[in-house]
Amino acid sequence: MYRIKEKDVFRISVCCFFIFLFSGIALASERLSVISSVANLRDGAGSKYNVLWQVEKYHPFLVINKKKDWCEVKDFEGDTAWVHESLLGKTDTVISIKSKCNVRAKPDQSSDIVLRVERGVPFKVLARKGDWINIEHADGEVGWIFKNLVW
């Protein structure tokens with residue numbers, strides 16, 4: 001019969017602790033975005049639950065919990081809800097967090113404004129250059145936005 005020594009128990013306990021800790025961090029830090037044209041956000045993990053609100057394509061979320069095919073997500077305002085995982089993907093996206101954000105033709109403060117957006121408009125990230133992000137809206141509009149204006 002094999003006996004586990006006290007120091008072996010300690011080592012196993014430490015390993016289990018770190019596995020548990022890091023698996024939770026990986027899940028909590030997973031950032032996904034909506035890949036369908038519209039997604040329903042619900043108050044529970046299932047289609048029988050009430051729809052709380054809807055979001056459009058490219059809306060980013062942090063995944064905070066998973067239950068079967070459903071993800072509990074948190075948005076840029078700290079609101080939480082459930083969404084079916086088939087509506088989410090790993091596309092790099094951002095969302096405007098200020099009112100009247102200027103989207104410019106080039107990554108330069110003096111460049112022409114091609115679009116002005118309100119808070120809560122999601123975009124797909126095409127590229128990053130210093131403090132600027134090249135973005136595309138779901139309707140095809142493209143431009144550059146300063147990184148402090150998005151989440």
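This is a predicted model: local features need pLDDT of at least 70, side-chain atom pairs count only at pLDDT 80 or more; totals for chains, interfaces and linings use all residues.
**View 1. The elements along the chain.** The chain holds one helix and 13 strands.

View 2. Of the 151 residues in the chain, 34% are buried. The chain exposes about 9,500 Å², and carbon and sulfur atoms supply 53% of that area.

**View 3. Tyrosine 58 and its positive phi.** Most residues other than glycine have a negative phi. Tyrosine 58 is not a glycine, yet its phi is positive, at about 80°. You can find tyrosine 58 in the loop between strand S3 (51–56) and strand S4 (60–67). Is tyrosine 58 buried or exposed? Its relative accessible area is 9%, and buried means under 20%, so tyrosine 58 counts as buried.

**View 4. Lysine 100 in another loop.** Here the loop to look for runs between strand S8 (93–95) and strand S9 (101–104), and lysine 100 is found in it. Lysine 100 has a positive phi of about 55°, although it is not a glycine. Is lysine 100 buried or exposed? Its relative accessibility is 58%, and exposed means over 50%, so lysine 100 counts as exposed.

Methods:
Residues are numbered from 1 along each chain as its sequence is written. Side-chain values use heavy atoms; hydrogens and water are left out. Helices (H or I, at least four residues) and strands (E, at least two) are DSSP runs, numbered from the N terminus. Buried means under 20% relative accessible area, exposed over 50%, partly exposed in between (1.4 Å probe, protein chains only). Accessible areas come from the Shrake-Rupley method with a 1.4 Å probe; for residues, only the protein chains shown count as cover.
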